[in-house]
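Work through the following exercises with the sequence and the structure open beside you, and try each task before you read its solution.

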Amino acid sequence: MVSFMPLTERRDDDLLEACDALAWRFGAAFDGVPILMYGPRKQRSLVETRRGTSFFASTKDAGPPFMNLAPDFGPSNVTAEKGAAVVGAQPYVTNYNVALDCSLEAGRAAAAAVRARFGVQVMALPHADGLVEVGCNLQAGGDRDSPAVGEVLACIESSLPPACSVRKAYVIGLAPGDALARAVDALAREPAERSTFPRTHEACGGPP
């Protein structure tokens, strides 16, 4: 998945339009890989686009990849070797996941509580080791800033039955302020130094 986002916590339609134009140029440059676009021009969200693929099924099913949507670029068949790419633009989003030791019903109730309070995209899905993962796309809307991860976690915890618990909570990638600080730092470097700038997964302690 490739997402072009303005480095701001607030909605900026001009910046978003520029990101969308860049996303379509990027998608058109691929060769031999199915490309599904999302964002303002496509009038389709990232979640809606992912639902048209095997993305969510892959958390519980090791079957071959599939795609139920017609690609915007590239071939229509998905192979295990190359897969498919989802490309688009959206306001900055912090990907925040919370793994719960609870039933799927309780996880969905927690997701509904987050959705109702913050107005963000959130889903609860079966996860590894019998857990349920609540995946949150914490995103600014209108003049509303992205909700803080601490507030989201507190909302989830307060909605869980006593027998349930939070096993793990983590941000994938960078929160808006961290991303902006790293971008400013990278642009302030000489071009020859930028190739040595730490990659996101290294900064976050993840695998290459």
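This is a predicted model: local features need pLDDT of at least 70, side-chain atom pairs count only at pLDDT 80 or more; totals for chains, interfaces and linings use all residues.

**Exercise 1. Other salt bridges**

Find how many salt bridges the whole structure holds, and describe the one formed by K42.

Solution. 
Step 1: A search of the whole structure gives four salt bridges.
Step 2: In one of them the side chain of K42 meets that of D72, with 2.6 Å from N to O.
Step 3: This pair, too, links distant parts of the chain, since K42 lies in the loop between β2 (35-38) and α2 while D72 lies in the loop between α2 and β3, 30 residues apart.
Step 4: Both residues are partly exposed, K42 with a relative accessible area of 28% and D72 with 22%.
Step 5: K42 and D72 also belong, together with R44, to a network of salt bridges.
Step 6: Another salt bridge joins the side chains of R189 and D185 at 3.3 Å, N to O; R189 is partly exposed at 28% relative accessibility, and D185 is partly exposed at 36%.

**Exercise 2. Rings that meet**

Locate the aromatic pairs, and explain why the pair of W24 and F73 ties together separate parts of the chain.

Solution. 
Step 1: The search of the whole structure finds three aromatic pairs.
Step 2: W24 and F73 form an edge-to-face pair, with 5.8 Å from centre to centre and 75° between the planes.
Step 3: W24 lies in helix α1 (residues 13-28) and F73 in the loop between α2 (46-51) and β3 (85-89), so the pair ties together parts that are 49 residues apart in sequence.
Step 4: W24 is buried, at a relative accessible area of 16%, while F73 is partly exposed at 23%.
Step 5: The ring centres of F26 and F30 are 5.3 Å apart and their planes stand at 75°, so this pair is edge-to-face as well.
Step 6: F26 is partly exposed at 33% relative accessibility, and F30 is partly exposed at 32%.
Step 7: Ring pairs also bring in F4, which is linked with F26 and F30 into a cluster.
Step 8: A ring can also meet a charge, for the charged end of R50 sits over the ring of F55, 4.1 Å from its centre.

**Exercise 3. The whole chain**

Work out what the secondary structure of the protein comes to, and how much of the protein is buried.

Solution. 
Step 1: The protein has seven helices and seven strands, which follow one another from the N terminus as β-α-β-α-β-β-α-β-β-α-β-α-α-α.
Step 2: Of the 208 residues in the protein, 35% are buried.
Step 3: Among contacts between residues at least 6 apart in sequence, 67% join residues at least 24 apart.

Technical notes. Residues are numbered from 1 along each chain as its sequence is written. Side-chain values use heavy atoms; hydrogens and water are left out. Rings of Phe, Tyr and Trp (its six-membered ring) pair if their centres lie within 6.5 Å; planes under 30 degrees apart count as stacked, over 60 as edge-to-face and the rest as tilted. Helices (H or I, at least four residues) and strands (E, at least two) are DSSP runs, numbered from the N terminus. Buried means under 20% relative accessible area, exposed over 50%, partly exposed in between (1.4 Å probe, protein chains only). A charge sits over a ring if NZ of Lys or CZ of Arg is within 6 Å of the ring centre and within 35 degrees of the ring normal. Contact means heavy atoms within 4.5 Å.
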